[in-house]
Amino acid sequence: MRAYRALLRKDLLLELRGRELVPAMVVFVVGALVLVRLGLGGERLAGGTRAATGLLWVVVVFTSMLALVRSFAQEREHGIWDGLLSAPADRSAIWAARASATFLFLGVTQAVALPLFWLFFLQDGRSPSLAVLAAALALADLGVAMLGALLAGLVSNVRAREVLLPVLFLPFALPLVSVAVRMTVDSIPPQNGGLGALHGLGFLALYDTIFALLGWALFEYVVED
Amino acid sequence: MSSPESAPAVRCDGLTRRYGERVALDAVSLTVARGERLLLTGGNGAGKTTLLRVLATVLRPHAGEVAIDGHVLPRDARKVRPAIGYVGHEPLVYPALTARENLELYAALYGVGRERIDQVLDLAGLNGRGADPAGELSRGLRQRLGLARAMLHSPSLLLLDEPTTGLDEDGRERLRGVLAAHRGAAVIATHEPDWFAGLEHGRLRLAAGRAA
């Protein structure tokens with residue numbers, strides 16, 4: 001636990017000082033939502049809430065890629081992998097800390113994106129079920145962060161990592177994002193995405209559990225040369 | 001195989017390591033007894049850094065047998081990591097973190113108390129520079145920070161990759177002092193073997209990945 005806490009503190013300090021990821025993620029997500037809004041003019045998005053929610057998650061997934069492609073950049077650019085990998089701490093702590101930091105960065109980004117989403121695309125005063133929405137977002141973000149950190153470690157020493165990471169990430173993330181979209185739709189009355197809240201949350205929790213186990217068990221080997 | 005208590009600090013038997021098709025180490029064999037300091041010499045690309053990285057458990061050997069304190073790599077890598085202090089080409093620190101923050105991170109990874117940090121800062125002559133970002137330190141001071149990082153957990157096996165690079169006279173004297181006081185074994189890759197006169201117990205010259 002001490003190694004995990006120290007690595008997470010390091011990741012947060014690096015972001016606080018370098019401001020490499022979160023500002024870029026926020027600018028991207030705001031820019032994408034504003035562009036779509038401007039493109040629609042005064043029109044409603046065809047497809048209504050479902051289309052708008054799908055759009056939100058497309059933007060969230062691509063925003064997460066900004067963070068993930070820069071994962072372990074410092075370790076690679078400054079040769080720090082050798083220091084981390086030769087230390088006796090469990091290597092899965094590196095993965096867990098990186099996933100936790102990505103989860104927090106996504107949370108900050110969504111704290112900006114969601115009010116804009118409601119402002120731009122749900123102007124009819126409908127208020128979502130905050131408990132369902134928050135649970136769906138948290139579980140989906142956690143899955144994105146854990147899967148992304150594992151794959152980012154896998155490609156960290158590959159030359160074409162910026163291309164390879166999205167190619168690997170998107171197929172694995174598809175089931176997660178698909179359920180997250182339906183859960184988000186379900187949280188907005190009177191829409192019904194056709195998926196009970198408990199079923200959806202259960203699926204997201206199962207997905208997270210699988211990738212928590214895979215990340216914990218495999219990270220040692222995916223970063224080994 | 002000898003028991004861990006009586007085994008040499010380092011034993012390589014036919015160690016081979018490749019990068020793709022290129023053979024970086026070709027059936028290298030060596031033994032370093034406990035308390036011995038071995039100098040690795042050879043030109044650029046001879047395989048010195050690769051050998052140190054295999055011993056540091058960062059790279060897997062592709063053939064042959066490698067053992068540290070009788071523990072075979074990579075199978076027993078977790079057992080030997082606490083015993084190894086590794087100084088690479090780079091100081092292996094985050095430029096945006098201060099010297100102290102970097103040492104705090106590694107202290108946590110090695111399970112070492114924070115009180116040790118002041119001791120190694122003093123050892124490396126970095127008193128008063130602990131609050132400076134590592135990226136703002138000169139090349140020589142960063143090299144000292146790398147040495148302080150490697151000494152945090154009082155390792156029994158030091159692996160040093162060109163440790164004199166960038167060091168001024170004071171830094172070199174401190175390095176000499178650290179090596180003279182170190183009771184464990186050391187494997188040191190260097191282009192300045194004469195500087196280590198009096199500190200070494202043996203030399204191994206590598207050429208194109210083979211012991212020459």
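What is the mean pLDDT of chain B, and what percentage of its residues reach 70 or more? The mean is 92, and 98% of the residues of chain B reach 70 or more, pLDDT being the predictor's confidence in each residue, from 0 to 100. The structure is a predicted model, in which local features need pLDDT of at least 70 and side-chain atom pairs count only at pLDDT 80 or more, whereas totals for chains, interfaces and linings use all residues. Residues are numbered from 1 along each chain as its sequence is written, and chains are lettered from A and ligands numbered from 1 in the order in which they are written. The model scores ipTM 0.90 and pTM 0.90.

Chain B contains 6 helices and 10 strands; helices (H or I, at least four residues) and strands (E, at least two) are DSSP runs, numbered from the N terminus. The radius of gyration of chain B, taken over C-alpha atoms, is 17 Å, which agrees with the value near 17 Å for a compact globule of 212 residues under the rule of 2.2 Å times the number of residues to the power 0.38. Along the principal axes, the C-alpha atoms of chain B fill a box of roughly 45 × 35 × 35 Å. Of the 212 residues in chain B, 48% are buried. A residue is buried if 20 or more other C-beta atoms lie within 10 Å of its own, exposed if 12 or fewer, and partly exposed in between, with C-beta atoms placed from the backbone. Of the contacts in chain B between residues at least 6 apart in sequence, 72% join residues at least 24 apart, a contact requiring C-beta atoms, placed from the backbone, within 7 Å.

The buried residues of α6(B) are R174(B), L175(B) and V178(B). Viewed down the helix axis, these buried residues fall within an arc of 100° and therefore line one face of α6(B), the arc being that of the directions from the axis to the C-beta atoms. They pack against α4 (115-123) and α5 (139-151) of chain B. The face turned away from the buried side carries the exposed residues E169(B), E173(B), G177(B) and A180(B).

At the interface, 21 residues of chain A are in contact with 26 residues of chain B. The largest share of the chain A side, 8 residues, comes from α1(A).

Terms used. Contact = placed C-beta atoms within 7 Å.
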